[in-house]
Amino acid sequence: MLLSHLLSAAALAAAAVEPSPGLTMRVPAEGLDLSRAADAAAFAGRVAEESRRFCEVHAGTVTPGHVGDRRVCERAMAGEAVSALSSTQWRDFMRAGGAAALRRAQRQDGRAG
C-alpha cells in the first residue's frame, strides 16, 4: 500500500513542469482533514478547478515551451499546490488517495471543457 502511494506521488511529481518564477498558485486546505478520503478528494477538486482557472490566464507564461497545451500548465500548477502543503498534510493527502483523486478531477475538468 505504501509503495503504491509512493509511486503515485512520484508520478505526480514527474508529471509536473517547473513553473515560471514569480507565478504561484496556492489552494487552501483549511477546514479539511486530508487524512480522510472525502476531504482529500475535495482538496483535489479545489486544486483541479483552481489550476484550470489559473492556466486559462497564465498558461503561456507558466509553461512557455508547451503553449497550446493547457494540460501541461494545469499539471504543473496542481503539483505546485500539492507541494505547498505541509509535510504532514502532504503525507495525509497521499495516503488518503489524493493523487488518484487529483488525476480523476483533472480528467473530469478536461472532459467538461
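Visitor: What should I know about the model before we start?
Guide: It's a predicted model, so local features need pLDDT of at least 70 and side-chain atom pairs count only at pLDDT 80 or more, while totals for chains, interfaces and linings use all residues. Residues are numbered from 1 along each chain as its sequence is written, and side-chain values use heavy atoms, with hydrogens and water left out.

Visitor: What makes Cys55 and Cys73 a disulfide?
Guide: The rule asks for a pair of cysteine sulfur atoms within 2.5 Å. In Cys55 and Cys73 the sulfur atoms sit 2.1 Å apart, and the pair does form a disulfide. The structure holds one disulfide. This pair links distant parts of the chain, with Cys55 in helix 2 and Cys73 in helix 3, 18 residues apart. The link is left-handed, with -80° about the S-S bond.

Visitor: Why is Cys55 called buried?
Guide: Buried means under 20% relative accessible area, exposed means over 50%, and partly exposed is in between (1.4 Å probe, protein chains only). Cys55 has 1% relative accessibility, so it counts as buried. Cys73 has a relative accessible area of 0%, so that one is buried too. For the chain, 40% of the 113 residues count as buried.

Visitor: How do you know that Arg26 forms a salt bridge with Glu80?
Guide: A salt bridge needs a side-chain nitrogen of Lys or Arg within 4 Å of a carboxyl oxygen of Asp or Glu. For Arg26 and Glu80, the closest N and O atoms are 2.9 Å apart, and that makes a salt bridge. The two link distant parts of the chain: Arg26 is in the loop between helix 1 (2-15) and helix 2, Glu80 is in helix 3, and they are 54 residues apart.

Visitor: Are Arg26 and Glu80 buried or exposed?
Guide: Arg26 has 51% relative accessibility, so it counts as exposed. Glu80 comes in at 17%, so it's buried.

Visitor: Which salt bridges does Arg52 form?
Guide: One is with Glu49 (2.5 Å, N to O). Being three residues apart in helix 2, Arg52 and Glu49 are separated by about one helical turn. Another is with Glu56, where the closest N and O atoms are 2.4 Å apart. Arg52 and Glu56 both lie in helix 2, four residues apart, again about one turn of the helix. Salt bridges that share partners join Glu49, Glu50, Arg52, Arg53 and Glu56 into one network. The count of salt bridges comes to six.

Visitor: Why does Glu49 count as partly exposed?
Guide: Its relative accessibility is 25%, so Glu49 counts as partly exposed. Glu56, at 47%, counts as partly exposed as well.

Visitor: What makes a nonpolar core, and which residues have the most contacts inside the largest one?
Guide: A nonpolar core is a set of buried Ala, Val, Leu, Ile, Met, Phe, Trp, Tyr and Cys residues joined through side-chain atoms within 4.5 Å. The largest has 26 residues, and those with the most contacts inside it are Leu34, Phe43, Val47, Val82, Leu85, Phe93 and Leu102. Two or more residues each come from helix 2 (37-62), helix 3 (70-83), helix 4 (87-95) and helix 5 (98-112). Helix 2 gives the most, with eight residues.
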